[in-house]
Amino acid sequence: MMRQAGRYMAEYRKLREKHSMLELCKTPELATEVTLQPLAHGFDAAILFADILLPLEPMGAPFEFAKGEGPVVHDPIQSRGQIDRLRVIDAEDGLGYVLAAIRMIKKELKIPLIGFAGAPFTLASYLVEGGKSPNFAKTKKLMFGAPDDFRALMEKLAEVVRRYLRAQIAAGADAVQLFDSWVGDLSPADYVEHVQPHVRHILSDVAKTGVPVLHFGVGTATLLEEMREAGGTVIGVDWCTPLDRAWKAIGYDRAVQGNMDPCALLSTREVAVRHAQRVLDAAGGRAGHVFNLGHGILPETPVDNVKAVVAHVHEASAR
Ligand code: CP3
């Protein structure tokens, strides 16, 4: 259970009273502490504490996490000139604090560490919209109306992300996840034309390291095959697509990750465990299922329900 996971834990909220989100990310000792916090619940792997937006600042597009608003990019992209001025950085220049955190975490961790980055479309959507958007209208206006400019933006982001994931692996990440969280808003044809080549640029190169790659998006029922074609050892599935149906579409030569509805954790343990079992039933005991939520855990999730689900998955899937 990952992706903004920290917020459901009191220990995390306590640290946040003293430090901003970006301070936590930029201080390896603190990022290490937050990465280790959820492990008391019995997870099989840890996810690095960072955020997909961190590369934007050294690329030349500073942002903040505004209270109640989510991420805000200060100077959203509106012109080709701004795209041309974005810097294609190396991870060591500007994201060295993430790599330092990985090295520090690896010294303490006995289970695998999952690194991650945002995929180019999802990052471009924040850069162009200036934050979260209900319909990605500005991003798609650029994509459809000025495809050369959009491609230039995607190429820069893809190269930064490729280098960043490589650097995370070199620093010790045991697996990496590529979050294309908002790509489900695109039709398959537009995904293939405007997104897939850039994701392939990243994943075909990262695959050479031999480290497993998890490729995830939300609302991707109609894109699973195209995402598989773009790459990934494991394809992440949101909770709206039954896992058995998704796996058939993806192909049994790939692993799948998912896909319990995060809201099923909000009421009682019984409800939570029943939903977890439904996911296990859909996976049918087949090798290559990574149990997870279908998207990020919600801040109001009771910790006891998380523990109950982890214990149930371990017990029910023990071989
Ligand atoms: O589980 C973890 O804590 C791992 C670290 C992690 C964070 N963000 C920390 C975070 C990971 C893997 C992410 C990924 C991320 N960030 C994604 C992709 C995953 C997904 O949800 O689809 C996206 C789209 C983002 C961008 C982002 N960062 C959003 C939309 C927000 C929420 C803003 C809000 O206030 O609702 C963030 C902030 C963020 N990232 C928090 C954490 C722990 C919350 C910060 C806080 O207030 O303490």
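**Pockets, helix packing and a few local details**

Helices α1 (10-18), α3 (28-36) and α7 (120-129), together with strands β2 (63-66) and β3 (70-73), each put at least two residues into the lining of the largest pocket. Helices (H or I, at least four residues) and strands (E, at least two) are DSSP runs, numbered from the N terminus. This is a predicted model, with local features needing pLDDT of at least 70 and side-chain atom pairs counted only at pLDDT 80 or more, while totals for chains, interfaces and linings use all residues. Residues are numbered from 1 along each chain as its sequence is written, and side-chain values use heavy atoms, with hydrogens and water left out.

Back to that largest pocket: α1 gives the most to its lining, with three residues. A pocket here is an open set of points on a 1 Å grid over the protein atoms alone, where a 1.4 Å probe fits, with protein on both sides within 12 Å along at least five of seven lines; lining residues have an atom within 4 Å of a point. The volume comes to about 1,200 Å³, taken as the space filled by probe spheres set on the points, with grid points joined across faces, edges and corners. Of the 41 lining residues, R3, Q4, R7, D51 and F65 are the closest to the centre of the largest pocket. Sorted by class, the lining has 24 nonpolar, nine polar and eight charged residues. In this scheme Ala, Val, Leu, Ile, Met, Phe, Trp, Tyr, Cys and Pro count as nonpolar, Asp, Glu, Lys and Arg as charged, and the others, Gly among them, as polar.

The second largest pocket holds about 890 Å³ of space. It is lined by 38 residues, with D44, H289, V290, F291 and N292 lying nearest its centre. At least two lining residues each come from β1 (46-47), α14 (269-283), β9 (289-293) and α15 (303-316), and α15 gives the most, with five. The class breakdown of this second lining is 25 nonpolar, nine polar and four charged residues.

Helices α14 and α15 also pack against each other, at an angle of about 35° and with their axes 9 Å apart. The axes are lines fitted to C-alpha atoms, for helices over the stretch in contact, and angles run from 0 to 180 degrees between N-to-C directions. The crossing of α14 and α15 is right-handed, meaning that the near helix is turned clockwise from the far one by less than a right angle. On the α14 side the contact (heavy atoms within 4.5 Å) is made by R269, A272, V273, A276, Q277 and L280, and on the α15 side by D304, N305, A308, V309, H312, V313 and A316. By class, this contact has eight nonpolar, three polar and two charged residues.

Helix α14 has another partner in α13 (residues 243-250): their axes come within 7 Å and cross at roughly 35°, and this crossing is right-handed. L243, D244 and W247 of α13 meet V279, A282 and A283 of α14. The contact of α13 with α14 has five nonpolar, no polar and one charged residues.

Helix α11 (residues 196-206) has a run of buried positions: Q196, H198, V199, I202, L203, D205 and V206. Buried means under 20% relative accessible area, exposed over 50%, and partly exposed in between (1.4 Å probe, protein chains only). These buried residues pack against α7, α9 (147-171), β5 (175-179), α10 (188-194), β6 (213-216) and α12 (224-230). In α12 sits M227, which counts as buried because its relative accessibility is 0%. M227 and Q196 are 31 residues apart in sequence, with 7.3 Å between their C-alpha atoms. Not counting residues up to four places away in sequence, M227 touches Y191, H215, F216, G217, T220 and I235.

Some loop and backbone details round out the picture. F136, in the loop between α7 and α8 (137-145), has a positive phi near 55° despite not being a glycine. With 5% relative accessibility, F136 counts as buried. D185 sits in the loop between β5 and α10 and is partly exposed, at a relative accessible area of 32%. Leaving aside neighbours within four places in sequence, D185 is in contact with N135, F136 and K140. The C-alpha atoms of D185 and P134 are separated by 9.8 Å, although the two residues are 51 apart along the chain. Finally, G258 and N259 are joined by a cis peptide bond with omega about -10°, and N259 belongs to strand β8 (residues 255-260).
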